[in-house]
Amino acid sequence: MAMPPNRLDELSRAFGPHLNLAPPGGWEANPEPDKLVKTHCCFCGQQCGIQLKVKDNQVIGFEPWEDFPFNQGKLCPKGVKRYLQGNHPDRLKHALMRTEQGFAEVEPEPALDRVVDEIQSIQGRYGKDAFAVLSGVSLTNEKSYLAGKFARLGLQTKNLDYNGRLCMVSAGAGNKKAFGIDRAANSWADIEGAEVIWVTGANVAECAPITTDYIWRARDRGAKLIVCDPRITPLARTADLMLPLKPGSDCALTNGILHLLHKWDLIDWEFVNQHTSGFEETLEAVKDCTPEWTSNLTGLPIAAIEQAARMWGEAKTSFLLHARGIEHQSKGVENVSSCINMVLATGRIGKPNCGYATITGQGNGQGGREHGHKCDQLPGNRDIENPEHRKYICEVWGCTDEELPRKGLTAQEIMNAIHAGEIKGLLCLCFNPLVSLPDTEFTREALSKLEFFVVLDFFLSETAQHADVVLPAALHEEDDGTSTSTEGRVIRIRKAVDPPGDARPDWEILVDIASRLGRGKYFDHFTSPEAIFNELRVASKGGTADYFGITYAKIEQNMGVFWPCPDLDHPGTPRLFEDKVFFTPDKKAHFVPTVWRPPMEVVDAEYPVWLTTGRTVFHYLSGTQTRRIGFLVEQCPHPYLEIHPRLAELHGIAEGDAVEITSRRGALVLPAKVVRTIRPDTVFIPYHWPGALSANRLTARHLDPVSKIPEYKVSAVRIQKTTPDRFSPELAELQRMAFEARTNQPVLPEQVY
Amino acid sequence: MVGDDFGFYIDPQRCIGCRACVGACAECGTHKGRPMIHLDEIDRLVSTQTTPTVCMHCEDPICAQVCPSDAIKRSEDGVVHSSQKPRCIGCQNCELSCPFGVPIVFSGLEQMMKCDLCYDRTSEGHKPMCATVCPSQALLFVPKHQISAMRQNQPLNEFTIGTLKVRTRTALMVPDPGLPLHLDAALLMVGGGF
């Protein structure tokens with residue numbers, strides 16, 4: 001039984017979210033820092049360099065790190081205010097245990113004893129795989145690697161997966177099919193020299209803000225920008241070509257482009273013939289994808305489709321960027337493949353100013369998906385079902401093949417199995433599935449069925465409210481390690497301060513649990529993050545994601561090292577495929593035919609409006625961190641419904657009106673934000689909030705059959721104007737918090753709203 | 001002294017509305033939690049267009065002209081500073097008269113404060129904080145001779161406001177006429193989107 005032990009208002013009084021409005025000691029204190037610590041922002045895959053100001057073991061502010069090559073001092077608002085997640089009133093400093101009266105603070109030892117007893121009890125009764133691990137890729141490479149090893153050899157369960165399953169797995173699968181390797185093909189430097197930049201399903205300005213400047217630098221040199229998105233995002237406002245396609249029609253568009261490239265003979269035949277395979281089958285798959293067909297499916301004018309094909313086809317250099325917009329679909333992998341097909345057909349990869357990349361979303365979304373953090377993967381991006389790969393990792397880990405579990409369930413499948421009563425216990429770190437998984441009420445039901453649930457976190461997330469035991473973990477700035485940016489650059493995360501109270505880095509907690517489970521021989525040598533990294537280096541050696549030649553010292557000397565880096569003398573690999581040799585068995589790049597099919601859910605008479613979800617620039621993922629930072633809450637306190645005035649008018653909806661949005665899963669009431677920048681047949685909700693305000697109350701558990709990513713970006717809903725009394729108390733509380741952030745006054749005067 | 005050869009350029013066309021400039025400005029030790037930058041959403045119904053306003057640093061600043069206590073000074077390097085605390089009477093003449101809407105008289109402080117081009121940073125060879133962090137470089141601080149090579153649009157630093165002619169140290173980048181402006185998704189779709 002894992003329902004929250006208290007009423008929600010009692011929980012939020014004790015654990016927040018409260019706002020951190022000012023640095024330690026208040027604005028007037030303004031002390032001189034003891035030191036500046038060069039590290040990186042924790043709030044997205046770009047991993048911008050930043051210097052944290054530290055005084056008396058507290059982070060008191062930041063200073064731009066202008067020498068770091070990727071961002072050269074630039075930061076988005078999350079980076080600017082990231083330091084306020086420390087010294088936070090909501091911070092968990094002691095272990096919590098559920099009691100009849102609510103969460104009680106307990107000493108670390110009894111909390112760990114309880115966790116180990118429960119794991120042993122559940123595994124004794126139901127088998128090893130009945131205890132699962134859900135992890136996340138805001139963790140460093142070291143912790144991600146350890147989470148994989150901990151689940152397999154510590155808990156001896158096959159059921160480990162991670163929140164990258166909600167993020168980069170479609171891109172990863174598409175990249176592995178085409179290139180045999182899962183990494184951006186280029187460093188971002190190649191964006192600047194490209195003649196055409198194709199951005200699809202990526203709200204660059206809000207989700208990867210620093211990339212905006214790379215694109216503008218290219219435009220300063222004459223580059224043309226094409227943006228495909230159901231919404232005119234801030235970057236799209238001035239794009240040379242804006243294609244507001246229908247949600248879920250992405251690969252209809254890219255198939256249509258490939259059709260025209262072939263029809264107009266804008267194909268690099270030399271590259272295609274010498275370095276690729278599968279082109280004939282792929283052409284066959286798009287032979288009927290005429291501009292008329294494409295226009296019918298996407299809702300785009302034929303002239304715009306032809307112009308896009310012309311611009312892309314005739315360019316000498318180009319860079320294609322995509323992100324969750326095309327990947328968060330039940331055909332996410334096919335959408336990725338169809339983008340790669342466009343790149344391969346023009347041969348514009350593996351040379352200067354010619355590139356292709358997914359924009360990784362989470363902090364360590366790249367590194368965290370490479371070293372055995374996934375249910376089907378072993379370190380070095382090896383395959384857990386490949387006998388040779390298993391043999392190598394068994395040698396590195398000193399275990400037998402029988403000891404190493406096989407492939408387990410993916411993240412949503414783990415939640416489904418919990419709901420079905422097949423998985424009884426769960427250890428969750430760096431993951432807030434109650435906000436981030438689709439179909440919120442299903443997730444809540446599932447969590448309530450767990451016999452035992454332990455969470456490692458630094459704040460009491462909405463998911464952690466359901467835990468039996470919560471172990472306080474360390475923030476990003478409280479531990480050393482490495483992460484890997486969206487470019488594939490391995491960088492150093494530096495410890496700035498010690499964790500408060502009994503809080504400890506996740507790796508120390510996992511090592512302790514493993515030791516208590518009698519599995520210490522695999523873990524006791526991990527006495528520092530660097531010790532874990534050095535084993536990761538060996539474990540990744542010979543895999544596609546080869547880190548063997550990367551050391552902490554080398555990263556520091558070079559401002560990061562791009563993997564693959566197979567030996568200590570190797571300089572790293574900013575641009576892949578320069579020799580036109582790919583990482584596939586036949587060393588060729590593979591075209592993958594993509595036959596268009598509709599999304600799992602389509603609009604109909606009952607649910608006639610498309611819903612798509614996404615981020616805002618002011619928040620990160622499920623908001624556990626950013627919903628606690630005053631400035632960010634002030635800018636964007638609560639979710640809203642973006643709706644075009646034509647659709648709004650049909651329903652009599654005006655700006656600010658209460659609108660009930662209903663899908664087959666659930667409903668919520670949000671204020672309308674009437675904007676002309678979205679397709680009239682589509683509405684948008686940002687997803688960073690929990691409970692009554694969670695966009696994922698509406699989304700479905702439809703998964704891509706290969707990547708198992710949920711289809712967050714395409715749902716069918718109906719909308720209805722309602723009365724303001726239907727707004728949830730949570731919305732009123734967030735409006736109060738926005739007022740507090742703006743005025744430093746906690747009580748909202750009546751007349752303000 | 002701020003190097004005379006450095007110019008500050010504001011390009012609203014690039015602004016993504018992220019308010020990193022506002023948040024970073026508020027971190028400054030001299031005005032402690034109070035941002036000096038205004039970031040305006042123009043009309044969200046119509047567009048995602050936002051625009052940052054930092055001080056334009058007029059050659060003959062109107063705020064200083066109308067100040068009854070002579071509290072507002074422009075240094076030789078062309079930087080117009082916050083009011084001098086001992087002189088400022090908090091009358092708000094500057095706030096009301098500035099054609100760009102820059103100065104703020106903070107209640108409690110009873111003093112006008114405004115963007116001083118991060119004098120503490122720029123006088124030591126750094127960029128102003130907002131231009132350092134701005135993700136899209138809509139706020140740009142570079143040597144003046146580089147601007148024409150860096151950007152396709154042109155800087156403008158002479159404004160006629162009513163009958164008043166104003167020349168400023170900071171320049172606005174004129175929108176690039178070569179770029180389209182997409183405002184209404186319905187107009188880019190077959191049949192207006194339904």
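In strand 28 of chain A, A:Ile719 is the bridge partner of A:Ile661. Strand 25 (residues 658–662) of chain A runs antiparallel to strand 28 of chain A and is joined to it by 4 bridges. Strands are DSSP runs (E, at least two residues) and helices likewise (H or I, at least four), numbered from the N terminus; two strands pair if DSSP finds at least two bridges between them.

Strand 28 (residues 715–721) of chain A also pairs with strand 23 (residues 609–614) of chain A, in the antiparallel sense and over 3 bridges. Here A:Val609 stands opposite A:Val717.

## Basis of the model

This is a predicted model, in which local features need pLDDT of at least 70 and side-chain atom pairs count only at pLDDT 80 or more, while totals for chains, interfaces and linings use all residues. Residues are numbered from 1 along each chain as its sequence is written, and chains are lettered from A and ligands numbered from 1 in the order in which they are written.

## Two open sheets in chain A

One open sheet of chain A has 3 strands in the order 1-2-3, with antiparallel pairing. Strand 1 (35–40) and strand 3 (58–64) of chain A are at the edges with a single partner strand each, so one side of each has no neighbour in the sheet. Neighbouring strands of this sheet are turned by 35° against each other on average, direction ignored (axes are lines fitted to C-alpha atoms, for helices over the stretch in contact, and angles run from 0 to 180 degrees between N-to-C directions). Strand 1 of chain A pairs with strand 2 (residues 49–55) of chain A over 6 bridges, in the antiparallel sense. A:His40 is placed opposite A:Gly49 of strand 2 of chain A.

Another open sheet of 3 strands in chain A has the order 19-20-21, again with antiparallel pairing. Its edge strands, strand 19 (481–484) and strand 21 (561–562) of chain A, each pair on one side only. Strand 19 of chain A is joined by 4 bridges to strand 20 (residues 489–493) of chain A, and the two run antiparallel. A:Ile491 in strand 20 of chain A is the bridge partner of A:Ser483.

## Packing of helices 9 and 15

Helix 9 (residues 250–263) and helix 15 (residues 332–345) of chain A pack at an angle of about 20°, with their axes 9 Å apart. The two helices of chain A are therefore roughly parallel to each other (angles under 35 degrees count as roughly parallel, over 145 as roughly antiparallel, 65 to 115 as roughly perpendicular and the rest as oblique).

Among the residues that meet are A:Ile257, A:Leu258 and A:Leu261 in helix 9 of chain A, and A:Cys339, A:Met342 and A:Ala345 in helix 15 of chain A. Two residues are in contact if their C-beta atoms, placed from the backbone, lie within 7 Å. The residues of this contact between helix 9 and helix 15 of chain A divide into 7 nonpolar, 5 polar and 2 charged (Ala, Val, Leu, Ile, Met, Phe, Trp, Tyr, Cys and Pro count as nonpolar, Asp, Glu, Lys and Arg as charged, and the others, Gly among them, as polar).

## Contact between chains A and B

The contact takes 51 residues from chain A and 42 residues from chain B. Helix 1 (20–25) and helix 5 (129–133) of chain B each supply at least two residues of the side of chain B that touches chain A. Helix 1 of chain B gives the largest share of that side, 3 residues. By class, the side of chain B that touches chain A has 20 nonpolar, 15 polar and 7 charged residues.
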